[in-house]
Amino acid sequence: MAQETTGQFDSLLEEGRRFAPDPGFRARANFNDEGVYARAAADPEGYWAEQAQELSWFEPFQTVLKWDPPHAEWFVEGKINAAYNAVDRHRKGPRRNKAAIIWEGEPGDQRVLTYDMLGREVDKAAHMLRELGVKKGDRVTLYLPMIPELPIAMLALAKIGAAHSVVFGGFSAKALHERILDAGSTLVITADGGWRRGQVVPLKANTDQAVEGTQVRHVLVVRRVGEAAGARMVPGRDIDWQDMMAAMPTTPVPAEPMDSEALLFILYTSGTTGKPKGIVHTTGGYLVGANTSLRSVFDLKEDDVYWCTADIGWITGHTYVVYGPLTAGGTIVMYEGAPDFPDRDRFWSIVERYGVTILYTAPTSIRTFMKWGPHYPAAHNLDSLRLLGTVGEPINPEAWMWYRTHIGHDRCPIVDTWWQTETGAAMIAPLPGLTVTKPGSATRPLPGVFAEVVDEEGKPVPPGGAGYLTLTRPWPSMLRTIWGDDDRYRRTYWERFPGRYMAGDGAHVDEEGYYWILGRVDDVINVSGHRIGTMEIESALVDHPAVAESAVIGRAHEVKGQAISAFVTLKEGVPIEEELVVQLKQHVVDKIGALARPEEIFFTVELPKTRSGKIMRRLLRDIAEGRALGDTTTLADPAVVEELKRRYEERYEERE
Ligand code: WT7
């Protein structure tokens, strides 16, 4: 496995600090009975059926689980609606006038939507979508900034039984194009632009390019930026969101009673091939997973102000900005822009301004805050905080401790939550009122979740060992398939270890049964908490006319977790010029998006290959991380890699 022998793992093994829940916190925690683990283990379906009662069903389910590996159906015959659960049911009781969304734009503008106001917006949007011909089962692509219209659009689609495919605003026109085609959307909802670090993100311009040559009939455009965006409306195709919304009635649109297994959304994520996977989530099980973890892991209470900083374009935003907290009737904070705009204390000023009590963010952000220095959070009153969470990548104990000290003031429990786009909701995480935490460990599988670490043969490794992280039983919020490619679903997740879900991560389990996630074991890398397939970047590079071949790896990076290193061979006769580095990086940005921009591009006349022609990325990682080369005996020509290492070290001599 790739990451097993890195320095970080050695330091994890020496980690001896423990933090027990504060008795006061425990006494008030939603989940404070240790027996929940044993009860869920004895009767997992019973446990999940009990959690499902927290949601409102139009018709009760008859069977908790139908498991025909690798296909699961949860809460069979139940009828439910996601928007009804996230909004409408709260409009009927005391939450009617409670803040659902406290939003802050990057320029400093603010909006607060109570559940009742949110419900009215969702109803108007549902009328509008119907008028535009959106029907039950249709898929609509959303390419929006972090503005309230994004959850409004998602919920309106869910209300009428249509599905969303949200594409993160940092993806390029080309990436959006592929995702629109794959989902078969005939409507795209975007904005003229979004604000990021004082600059306009050209969402409309990208959409104009992306819809060329697709089945898209209409583009609905939210005015967010105005003039400065320079967006041009295409007559007959483009529709102004605000204009059309203004003409809609606020009369309620009845929530469509959906089958528990009806498609709720598709969300694309990277895999080990060049083509992203459309992860399919359905309604009932997904909502149960999302809702349960808000109450258990995040201990959400009526008076909390909960802020998950993730963009809704990722699964974290789907589950922990929208469906989890809203189905639980919470108050969420939503922020549009960058953490360093106008200054590096923006997050802390938001926490102070709105009295945030629960904060959920990524290790890469925490490491960035560490680099910026503790005086930024220290300048703000963070006394409202009572619980901190992290997600997206392994958190190094040092960052965990910094988070605890400088943000949590040694008072807030930290929940390190391991999960994936595919799992839909947190799988391995502490219950903050019960679990003794260890810095750097996601601790134990949640009640009703069953994990095991196995070796190459699929045999469980004993405590103290490391191997492949698997889940041994189906869980409600699991992916149901890959959109349009059930065979890939089966091969990717269920074939390697029959009967088990293979997560694609390596993990170590210590003597006390705590899980320490070691990172991806496949050709997927994790840059600043964002998952990118090395093959996708390689395809983008070889698409450039100057490139003959490329190999992309993730090398350890202090802030980003991993940084993208590309090794490139050029076509005969193409001269090596610095200018080409700039061009190739831009080419990757155009093909995928800025999140995939290689940190470095290193030209070489040959790549290290086995005799059968397979590129040995493992050796490239050794080179980029400055380690002694691993086993080179299978190489066609060991001299290639020696030479490469020498030249690479010469070039990056001054790097730490
Ligand atoms: C991959 C999933 C679901 C959250 C956002 C990322 C890594 C996620 C942790 C954690 C160690 C983590 C894994 C996983 N990961 N959370 N707490 N500790 N690693 O979702 O894009 O689907 O990526 O993120 O490698 O497989 P994603």
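1. Buried means under 20% relative accessible area, exposed means over 50%, and partly exposed lies in between, computed with a 1.4 Å probe on protein chains only. This note concerns a predicted model, in which local features need pLDDT of at least 70 and side-chain atom pairs count only at pLDDT 80 or more, while totals for chains, interfaces and linings use all residues. Residues are numbered from 1 along each chain as its sequence is written, and side-chain values use heavy atoms, with hydrogens and water left out.

2. Salt bridges. A salt bridge here is a side-chain nitrogen of Lys or Arg within 4 Å of a carboxyl oxygen of Asp or Glu. The whole structure holds 55 of them. In one, glutamate 302 is joined to arginine 95, with the closest N and O atoms 2.9 Å apart. Glutamate 302 sits in the loop between α11 and β16 and arginine 95 in the loop between α5 (82-91) and β4, 207 residues apart. Glutamate 302 is partly exposed because its relative accessible area is 44%; arginine 95, at 24%, is also partly exposed. Helices (H or I, at least four residues) and strands (E, at least two) are DSSP runs, numbered from the N terminus.

3. A second pair consists of glutamate 149 and arginine 111, whose closest N and O atoms are 3.1 Å apart. This pair links helix α7 (residues 149-159), which holds glutamate 149, to strand β5, which holds arginine 111, 38 residues apart. Glutamate 149 is buried at 8% relative accessibility, whereas arginine 111 is partly exposed at 29%.

4. Glutamate 393 and arginine 367 meet at 2.8 Å, N to O. Glutamate 393 lies in the loop between β19 and α16 (397-407) and arginine 367 in helix α14 (residues 363-372), so the pair ties together parts 26 residues apart in sequence. Glutamate 393 is buried at 9% relative accessibility, and arginine 367 is buried at 7%. Elsewhere, salt bridges with shared partners join Asp88, Arg91, Arg96, Asp116, Arg120, Asp123 and Lys159 into one network.

5. The sheet. Two strands pair if DSSP finds at least two bridges between them. An open sheet of 7 strands runs in the order β5-β4-β17-β16-β18-β19-β20, with mixed pairing. β5 (110-114) and β20 (414-417) are at the edges with a single partner strand each, so one side of each has no neighbour in the sheet. Between β19 (residues 387-391) and β20 the pairing is parallel, over 4 bridges, and threonine 390 stands opposite aspartate 416 in β20.

6. Helix α4. Which residues of helix α4 (residues 44-52) are buried? They are Pro44, Tyr47, Trp48, Ala49, Gln51 and Ala52. These buried residues pack against α3 (35-42), β1 (63-68), β2 (71-76) and α11 (284-296), where contact means heavy atoms within 4.5 Å.

7. Annotated positions. The unreviewed UniProt entry carries a "binding site" annotation covering Val542, His544 and Val547. UniProt positions are given in the numbering used here, feature names are shortened, and annotations may be inferred rather than shown by experiment. Valine 542 belongs to helix α18 (residues 534-542) and is partly exposed at 37% relative accessibility. Not counting residues up to four places away in sequence, valine 542 touches Val547, Ala548, Glu549 and Ser550. Histidine 544 is in the loop between α18 and β28 (547-557) and is buried, with a relative accessible area of 10%. Leaving aside neighbours within four places in sequence, histidine 544 contacts Leu580, Gln583, Leu584 and His587.
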